[in-house]
Structures are given as C-alpha cells and as structure tokens.
Amino acid sequence: MKKWLLVRHKVILLTLFAALLGMLTLFSYHNYALYEEPIAKIIAAEAVGTDETVGANRESYPVYNQKLTAVLMNGESKGAQVVIENNYSDSLAYSQMYRSGDEVFLSLSESASGAVIGKISGVKRDKYVALLGALFLFVLVAVAGKKGLLSLVSIAGNILLFSVALDSYEIADNAQLLWISSAAVIGWTVLTLLLVSGRNRKTYAAILSTLIGTFMTLIIAYGVIALTNGQGLRYEEMQFVTHYPRRIFLSSILIGSLGAVMDVAITMTAAIQELYEKDPAISARSLFQSGREIGKDIMGTMANVLLFAYVSGAIPTLVFYLENGSDVFHTFSMQLSLEITRALAGSIGIVLTVPLAMFTAVRLIPKKAGDRR
C-alpha cells in the first residue's frame with residue numbers, strides 16, 4: 001500500500017511538472033510582446049524567379065527569389081501586412097527558404113510610396129528551443145527524479161560560472177588565463193558532483209580523482225608542447241584573438257578534458273561503492289580487480305567519444321576547404337591539429353583517471369579498506 005502511494009505521489013508530481021512545462025512552452029509560442037525587434041509571421045510565400053551567381057571556382061550557382069507576405073505580430077504596427085523579398089541558394093549556408101507559418105525578425109523601412117518594406121534579420125526559433133528544452137527537462141526528472149532536479153541546478157550553476165569565467169577572460173592578461181580556467185574547473189567539479197551525488201565518500205573520491213586527473217592532463221600537455229615547441233599545432237583559427245594562442249589552447253584542453261575525466265571518475269567510484277554495498281566483506285584486492293576490469297571497458301569508448309566530439313565540430317570547415325580546392329593533407333593539418341590534440345590530451349586524462357579513481361575509491365569508500373588484504 002505504501003509503495004502504491006509513493007508511485008501515485010510521483011505520478012501526480014510528474015503530471016504537475018509536465019503541465020508547468022507545457023504552459024511555459026505554450027507561452028513561448030505567443031511571447032511576441034517581449035521583443036523590441038519587429039516580428040512577422042509569414043502567411044504566403046511565392047517563388048518569383050531564379051538568378052545565377054558565380055562561385056570561387058568560376059562555377060555558376062542558382063539563386064532563387066521569393067516574395068513573402070507577412071503579418072507583424074508586435075509593435076505599434078501590429079496586424080499590418082509587410083511584403084518581403086528573399087533570395088536563397090541551394091546550399092542554404094547564408095540564406096534560407098521560407099514557408100508559410102515561419103516567424104522572422106525584421107528591420108522595417110518605408111519606400112518612396114510610403115509602403116512598409118521589411119528585411120529579414122533572423123528567424124524566431126525560441127519556441128523550438130523551448131519545446132526541446134521542456135522535453136529534456138521532463139525526461140530528466142521522470143528518469144532521475146530528485147537527482148535530475150539537482151542536475152538542473154548544477155547545470156545552471158555551471159553556466160553561471162562559465163559566464164563569469166568568460167567575463168574574466170575579457171579583462172585578463174595572458175598570464176591569468178590558466179589561473180581563471182583552473183579556478184573554474186575546481187568550481188565546476190565541486191558544484192556538479194556535490195549537487196548530483198551528495199556529500200558522501202563516493203563524491204569526495206570522485207572530486208579528488210577528477211581534479212588530480214584533469215590537472216595532470218594539463219601538466220602533461222603543457223610539457224609535451226613546451227618540449228616540441230608546439231610543432232604541428234596550427235593556431236590560425238585563433239588569429240583573431242588578442243591573447244597568446246598557446247595559453248588559450250591549454251585552457252581549452254583543461255576545460256575540455258574535465259567532462260570526460262569527471263565522467264570516468266564518477267563511474268569508477270560509483271561502481272566501487274556499489275560493489276562494497278553489495279558485499280561489505282569484500283577485500284580491497286577484489287575491489288581493485290573488479291575496478292580494473294570496469295576501467296578496461298570504459299577507456300576505449302570514452303576515448304572514442306572525445307575524438308568524435310572534437311572532430312565532428314570541424315566537419316563544416318573541412319567540407320568548406322575541400323569544396324574550394326584545398327589539398328586534403330593541408331586541410332586536415334590546418335583544421336584538425338588542435339582538435340586531435342585536445343582528443344589525445346583528454347584520452348590521456350581518461351587513462352590516468354581510471355587507476356586514480358579506483359585507488360581513491362577503494363581507500364575512501366570502505367570504512368576499513370586499509371585493514372584488508
């Protein structure tokens with residue numbers, strides 16, 4: 001009976017939470033008054049012709065012309081119709097084809113005849129973000145319950161810390177960048193793990209192993225780059241920044257490796273704790289052996305996750321260079337040197353963290369682990 005009441009209570013809470021998310025999502029579909037920039041909803045889209053443009057390789061590309069009729073959804077002229085001319089290409093890289101029902105931001109002006117003319121400055125996508133975010137929040141809370149809510153709090157706190165770090169970056173000199181990143185890493189680690197896992201031996205072991213593994217990764221990366229004088233690293237994509245690119249790159253290695261290292265650390269410590277709780281009489285040697293087997297299984301997959309995550313972000317730039325006749329070797333060396341280095345550094349962090357987390361967890365979680373043989 002008590003279990004049934006708990007299930008009923010959880011269903012009621014989830015229903016109320018889903019209703020709240022639904023109302024917030026519905027509000028995002030009608031929040032035009034919150035924007036100062038004019039918003040228009042397209043009610044008709046008509047194709048009016050095709051032109052041609054010449055690309056970098058002297059190839060001709062079609063450009064399609066649209067005549068859009070839209071209704072203003074906010075401002076003093078709310079309800080007025082606006083005619084908009086729009087051009088787009090097949091690639092849709094810097095342009096977009098619009099359909100009836102799309103909502104766009106406009107910059108308005110008047111023609112010589114006094115008619116209102118609109119030019120599209122962007123697309124209103126907040127309702128789609130709100131819908132996806134509501135789905136994510138509901139699934140997270142439905143699956144993880146209280147820990148899901150705490151995860152949301154940790155995400156919000158991490159975003160706040162990240163914004164503070166970025167603000168500090170703007171006023172910092174080159175020597176301070178790594179110090180700012182280091183402080184942010186410590187804050188993210190402690191905040192995330194304490195909120196999600198609570199104050200217990202498992203959390204303390206995960207925090208300790210995460211910080212040691214992350215900073216050891218930075219030290220190794222710094223040493224290798226210093227010994228090789230950064231040969232093979234192409235910092236051209238950072239040429240627009242005013243700070244020394246090597247320190248920015250090291251900061252990105254530190255922050256980028258944190259996610260994978262933290263994941264491995266909490267996985268290892270949680271596994272050790274579960275083994276100990278199932279059998280409090282288990283020896284430290286058995287815990288080490290089980291932890292080693294678990295670590296072997298997650299090392300390779302996590303390293304591949306890092307590689308795919310970093311390299312996938314460079315795919316659009318790779319395609320752009322290759323489409324414009326750049327040599328394959330030159331393109332990969334230019335665009336992937338930093339990403340692959342980040343992935344390798346993160347993989348080193350993963351390999352280091354597995355034994356670190358295993359040793360720390362075995363020593364901290366069992367109350368008398370040091371007395372066992």
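A: A salt bridge is a side-chain nitrogen of Lys or Arg within 4 Å of a carboxyl oxygen of Asp or Glu, and the model we will read with this idea is a predicted one.

Q: Which residue forms a salt bridge with Lys278, and how far apart are the closest N and O atoms?

A: Side chains of opposite charge can pair when their charged atoms come close. Here Lys278 pairs with Glu274, and their closest N and O atoms are 3.7 Å apart. Both residues belong to helix H6 (residues 245-278), where they are 4 residues apart, about one turn of the helix.

Q: Is Lys278 buried or exposed?

A: Lys278 has a relative accessibility of 66%, so this residue counts as exposed, whereas Glu274, at 39%, counts as partly exposed.

Q: Where do Lys124 and Glu103 lie, given that the pair links distant parts of the chain?

A: The side chains of Lys124 and Glu103 meet in a salt bridge of 4.0 Å, N to O. Lys124 is in the loop between strand S5 (116-123) and helix H2 (126-144), while Glu103 is in strand S4 (residues 103-110), and the two are 21 residues apart. Lys124 counts as buried at 1% relative accessibility, and Glu103 is buried as well, at 4%.

Q: Which residues are linked with Glu103 and Lys124 in a network of salt bridges?

A: Asp126 and Lys127 are linked with them in that network.

Q: How many salt bridges does the structure hold?

A: The structure holds 5 salt bridges, one of which joins Glu293 and Lys296 at 3.6 Å, N to O.

Note on methods:
Residues are numbered from 1 along each chain as its sequence is written. This is a predicted model: local features need pLDDT of at least 70, side-chain atom pairs count only at pLDDT 80 or more; totals for chains, interfaces and linings use all residues. Side-chain values use heavy atoms; hydrogens and water are left out. Buried means under 20% relative accessible area, exposed over 50%, partly exposed in between (1.4 Å probe, protein chains only).
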